[in-house]
Amino acid sequence: MPEKTQYYTRTAQYLHWIMAIIFITAWVIGFYSGNFLSYDVDGSFKGNIITLHKNIATVILFLVVVRLFWRYTHPTPALPASMSPAMKSAAHIAHWILYFILIALPITGCLYSWSAGHPAPVLYLFEIPRLLDKNPEIMSIVAPAHVYLSWFAGLLLLGHIAAALKHHFIDKDHVLRSMLGKDKS
Ligand code: HEM
Ligand code: HEM
């Protein structure tokens with residue numbers, strides 16, 4: 001296990017914030033398409049929006065591999081001593097569920113797309129090789145899995161952001177700064 005420091009490394013911080021921007025953007029676009037657009041009203045516009053959602057969201061799958069490798073090979077900061085053991089455990093569990101979501105959402109998204117007979121494109125540059133042919137039976141499982149997981153992710157993220165703000169403005173500890181600052185050396 002990596003030893004404890006005050007701050008996440010610069011690389012871990014960049015990965016966290018870049019992935020946060022990509023994730024939240026993909027989430028909002030997916031939610032907009034899934035709940036506010038219909039093929040009956042403007043099919044090609046909805047198609048373009050879903051394609052945009054996929055091209056952005058697949059990037060998460062590549063970045064999370066780099067991030068987990070970095071997580072295992074570099075030290076992470078200790079949580080404040082003022083937190084109770086139960087709160088520390090809750091924070092760690094929440095972080096691992098967030099990592100699970102960072103893997104499971106893009107994977108269920110790709111399975112959803114392939115089983116519907118569509119590609120999983122990355123940044124309009126290339127496609128992830130298809131591991132599945134069109135398959136309505138699989139789609140009837142992975143489509144709701146993707147949708148429900150995305151809603152759960154939205155709720156968990158609200159809690160994650162609220163917790164970060166509470167640490168900073170109410171508890172006035174270093175948790176938010178650990179994802180922003182740097183050791184003076
Ligand atoms: C970080 C990763 C991702 C996030 C946060 C995310 C989030 C979402 C959300 C919030 C929805 C709307 C759910 C609803 O109907 O309420 C959605 C739908 C969808 N997502 Fe994703 N998704 C991700 C990755 C992917 C990937 C990689 C693909 C495919 C390559 C994909 C394909 C789809 C499709 C086809 C829909 C249905 C859109 C519609 O019915 O209009 N998603 N996603
Ligand atoms: C405005 C949005 C966000 C804020 C203010 C925020 C804030 C933070 C802070 C302060 C930490 C360090 C917490 C600690 O040491 O206990 C952290 C860690 C983390 N955040 Fe976020 N975050 C945001 C968005 C996101 C998003 C969108 C995701 C992914 C879906 C995410 C995933 C994670 C994960 C997995 C960790 C644990 C890092 C580790 O220990 O390896 N965050 N976040």
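Below are my entries, in the order I made them.

**Ground rules**

I am working from a predicted model, so I noted that local features need pLDDT of at least 70, side-chain atom pairs count only at pLDDT 80 or more, and totals for chains, interfaces and linings use all residues. Residues are numbered from 1 along each chain as its sequence is written, chains are lettered from A and ligands numbered from 1 in the order in which they are written, and side-chain values use heavy atoms, with hydrogens and water left out.

**Entry 1: the iron of ligand 1**

Which residues coordinate the iron atom of ligand 1? I found H53 and H146, each through NE2, at 2.0 to 2.1 Å. Donors here are N, O and S atoms within 2.8 Å of the metal (3.2 Å for Na, K and Ca), and water is not among the atoms, so sites may look incomplete.

I then checked where the two histidines sit: H53 is in helix α2 (residues 39–73) and H146 in helix α4 (residues 136–169), so the pair links parts of the chain 93 residues apart. Helices (H or I, at least four residues) and strands (E, at least two) are DSSP runs, numbered from the N terminus.

The angles among the six donor atoms run from 88 to 179°, and the site is octahedral. For six donors, that label asks for opposite donors over 155 degrees apart and all others between 65 and 115.

Are H53 and H146 buried or exposed? Both are buried, on a scale where buried means under 20% relative accessible area, exposed over 50%, and partly exposed in between (1.4 Å probe, protein chains only).

**Entry 2: around ligand 1**

I counted 25 residues around ligand 1, the closest being S33, N35, K46, H53 and H146. To be counted, a residue needs a heavy atom within 4 Å of the ligand.

Next I listed polar contacts, meaning pairs of N or O atoms within 3.5 Å; within protein, one must be able to donate a hydrogen and the other to accept it, and residues adjacent in sequence count only if both atoms are side-chain atoms. K46 puts a polar side-chain atom 2.5 Å from an oxygen atom of ligand 1. G34 uses a backbone N or O atom instead, at 3.4 Å from an oxygen atom of the ligand. The side chain of H146 also has an N or O atom 2.9 Å from a nitrogen atom of ligand 1.

**Entry 3: the iron of ligand 2**

Which residues hold the iron atom of ligand 2? This time they are H16 and H160, again through NE2, at 2.0 Å. H16 belongs to helix α1 (residues 10–36) and H160 to helix α4, and the two are 144 residues apart.

H16 is buried, at 13% relative accessible area, while H160 counts as partly exposed because its value is 26%.

**Entry 4: around ligand 2**

Ligand 2 has 19 residues around it, with Y8, H16, R71, Y99 and H160 the closest. A polar side-chain atom of R71 lies 2.4 Å from an oxygen atom of the ligand, and a side-chain N or O atom of Y8 is 2.7 Å from an oxygen atom of ligand 2. H160 has a side-chain N or O atom 2.8 Å from a nitrogen atom of the ligand.

**Entry 5: salt bridges**

How many salt bridges does the whole structure have? My search found one, counting a side-chain nitrogen of Lys or Arg within 4 Å of a carboxyl oxygen of Asp or Glu. K166 and D171 form it, at 3.0 Å from N to O. K166 is partly exposed at 41% relative accessibility, and so is D171 at 35%.

**Entry 6: against the record**

An unreviewed UniProt entry lists "transmembrane region" for residues 12–32, 52–70, 91–114 and 145–165; such positions are in the numbering used here, feature names are shortened, and annotations may be inferred rather than shown by experiment. I compared two of these with the model. Residues 12–32 are 100% helix, with end C-alpha atoms 30 Å apart. Residues 91–114 are also 100% helix, and their end C-alpha atoms are 35 Å apart.

Conventions:
Four donors count as tetrahedral if all angles lie between 85 and 135 degrees; four count as square planar and six as octahedral if opposite donors are over 155 degrees apart and all others between 65 and 115; anything else is irregular.
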